[in-house]
Amino acid sequence: MTPAARVQAAIELLDEIIVAARTAGPAADTLIGRWFKTRRYAGSKDRRAVRELVYRAIRRSGTPPASGRAAMLGLAGDDPDLAALFDGSAHGPSPRQEGEAASPAAVAPQWLDGRFDPLLDGDAIAALLARAPLDLRVNRLKGDREQAGAALPDAQPAPLSPIGLRLPEGWRVEESDAWATGLVEVQDEGSQLLSLACEAAPGQLVLDLCAGAGGKTLALAAEMANQGRLIACDTDRARLSRMPPRLARAGVTIVEPRLLDGGREREALADLRGSADVVLVDAPCSGTGTWRRNPETRWRLTPERLARLVTLQAHLMDLAAELVRPGGTLVYAVCSLLAEEGRGQAEQFSARSWLVPETLPMTAGQVAGSGRILGPAHDGTDGFFVARWRAPC
Ligand SMILES: C[S@@+](CC[C@H](N)C(=O)[O-])C[C@H]1O[C@@H](n2cnc3c(N)ncnc32)[C@H](O)[C@@H]1O
């Protein structure tokens with residue numbers, strides 16, 4: 001493909017991504033993968049270049065652009081080499097018309113102004129779109145950080161997590177023996193830290209209420225030395241079904257996956273009432289803390305969706321509180337840095353619950369109300385809010 005044809009390809013892909021964002025369609029990565037499957041003429045360099053253009057344009061637009069072409073023209077406004085490719089050559093974009101609109105640059109949709117945690121200034125919010133590192137969690141069931149480091153000589157110890165390693169950008173860890181044998185798992189350092197903040201221990205009954213495909217479940221199982229009971233729940237069957245192969249690779253046998261029916265979770269968890277040593281609520285959220293990995297989720301978030309998420313988070317925290325045994329621990333986490341999903345949510349829960357807020361066993365991040373926030377600017381991690389409570393004995 002010529003450089004101009006790559007620009008035209010990025011424009012067409014962006015058009016699909018914009019429609020998908022509006023209609024709750026597939027994620028950008030899925031659409032990019034599909035697009036290239038039907039265009040075998042595109043080589044690996046073309047794919048890399050087109051993907052890079054698409055993601056640069058997405059990162060630059062806080063709100064959905066009017067079209068892929070407007071997004072790419074916006075990008076070209078900051079990049080004369082890119083602007084020169086709007087030359088009308090074969091398979092490339094047509095020249096820019098007099099007065100043709102280009103998308104404005106923005107970090108976040110305007111309606112989110114004033115809704116981030118007060119600890120975040122403009123630079124900290126902009127850092128949510130910086131490039132994410134490739135972090136690995138060492139699976140203590142299979143070995144320690146020294147052994148994993150020896151197996152992956154390009155990896156460095158991660159700065160904050162005692163079980164973290166960091167690989168240079170572009171490393172294909174899934175092709176390594178260390179990954180195939182379950183010695184390491186890809187996981188952001190912030191996620192590692194909040195799994196450790198649960199202080200799950202061998203022999204306990206631990207409940208991962210929003211387990212998804214098991215990212216934190218795997219980390220909790222390792223902390224439990226694969227001893228005890230670990231109930232992994234979710235309402236999304238497809239996500240839960242991605243967990244078993246990960247458990248097998250990691251050598252985890254204590255997990256009991258449990259599919260929940262949204263709104264009827266209480267019935268499905270009645271047998272565990274008042275009995276869990278630890279309940280982790282890694283709640284569904286706006287994902288503002290993971291924009292650096294999924295920048296197009298900014299285009300999917302609406303005030304109505306955010307309000308629904310905040311209500312669901314409160315519901316899940318109340319449910320979790322009923323499952324904790326006297327003396328047990330509840331940990332609430334979101335990969336969001338919006339105050340209403342983080343410190344605001346925690347404050348309201350503390351005001352209505354009999355559980356008592358507790359200091360987190362964590363020094364990374366910054367104190368935010370009764371919890372802590374972690375973020376790319378301050379900690380080099382994805383953005384998280386995390387807080388912890390104890391049920392009185
Ligand atoms: C932030 S994700 C969890 C990520 C996961 N813990 C991990 O570490 O990979 C939130 C999860 O909550 C699930 N969820 C949504 N509503 C739920 C509900 N009512 N009960 C339990 N889980 C729910 C979603 O399907 C999603 O998988």
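1. In this predicted model, Cys-335 is in contact with Cys-285, Gly-287, Gly-289, Thr-290, Asp-382, Gly-383 and Phe-384, once its neighbours within four places in sequence are left aside. An unreviewed UniProt entry places the feature "active site" at Cys-335.

2. As to its setting, Cys-335 belongs to the loop that runs between β9 (324-334) and α15 (343-352). Is Cys-335 buried or exposed? The residue has 28 C-beta neighbours inside 10 Å, and the threshold for burial is 20 or more; Cys-335 therefore counts as buried.

3. The unreviewed UniProt entry also carries the feature "binding site", placed at Asp-234, Asp-261 and Asp-282.

4. Asp-234 is part of strand β6, which comprises residues 229-234. Because 25 C-beta neighbours lie inside 10 Å, Asp-234 counts as buried. Apart from neighbours within four places in sequence, the contacts of Asp-234 are Cys-210, Ala-211, Gly-212, Arg-239, Leu-240, Leu-259 and Leu-260.

5. Asp-282 is located in strand β8, residues 276-282. With 26 other C-beta atoms within 10 Å, Asp-282 is buried. Which residues does Asp-282 contact, leaving aside its neighbours within four places in sequence? They are Cys-210, Lys-216 and Ala-333.

6. The axes of α3 (residues 44-60) and α4 (residues 68-77) approach within 9 Å, with a crossing angle of roughly 85°. This angle makes α3 roughly perpendicular to α4. On the α3 side, the contact involves Arg-56, Ala-57 and Arg-60; on the α4 side, it involves Ala-71, Met-72, Gly-74 and Leu-75. By residue class, the contact of α3 with α4 consists of 4 nonpolar, 1 polar and 2 charged residues.

7. Regarding the overall fold, the protein contains 16 helices and 13 strands. The C-alpha trace spans about 75 × 45 × 35 Å along its principal axes. How does the radius of gyration stand against that of a compact globule, and what is its value? The value for the protein is 22 Å; this agrees with the globule estimate, because a compact globule of 393 residues would have a radius of gyration near 21 Å.

8. Finally, burial and contact range may be stated for the whole protein. Of the 393 residues, 46% are buried. Among contacts between residues at least 6 apart in sequence, 73% join residues at least 24 apart.

Methods: Residues numbered from 1 in each chain as written. Predicted model: local features only at pLDDT ≥ 70, side-chain atom pairs only at ≥ 80, totals over all residues. UniProt positions renumbered as here; feature names shortened; annotations may be inferred. Helix = DSSP H or I, 4+ residues; strand = E, 2+ residues; numbered from the N terminus. Buried ≥ 20, exposed ≤ 12 C-beta atoms within 10 Å, placed from the backbone. Contact = placed C-beta atoms within 7 Å. Axes fitted to C-alpha atoms, helices over the stretch in contact; angles between N-to-C directions. Parallel < 35°, antiparallel > 145°, perpendicular 65-115°, else oblique. Nonpolar A, V, L, I, M, F, W, Y, C, P; charged D, E, K, R; others polar. Rg over C-alpha atoms; globule rule 2.2 N^0.38 Å.
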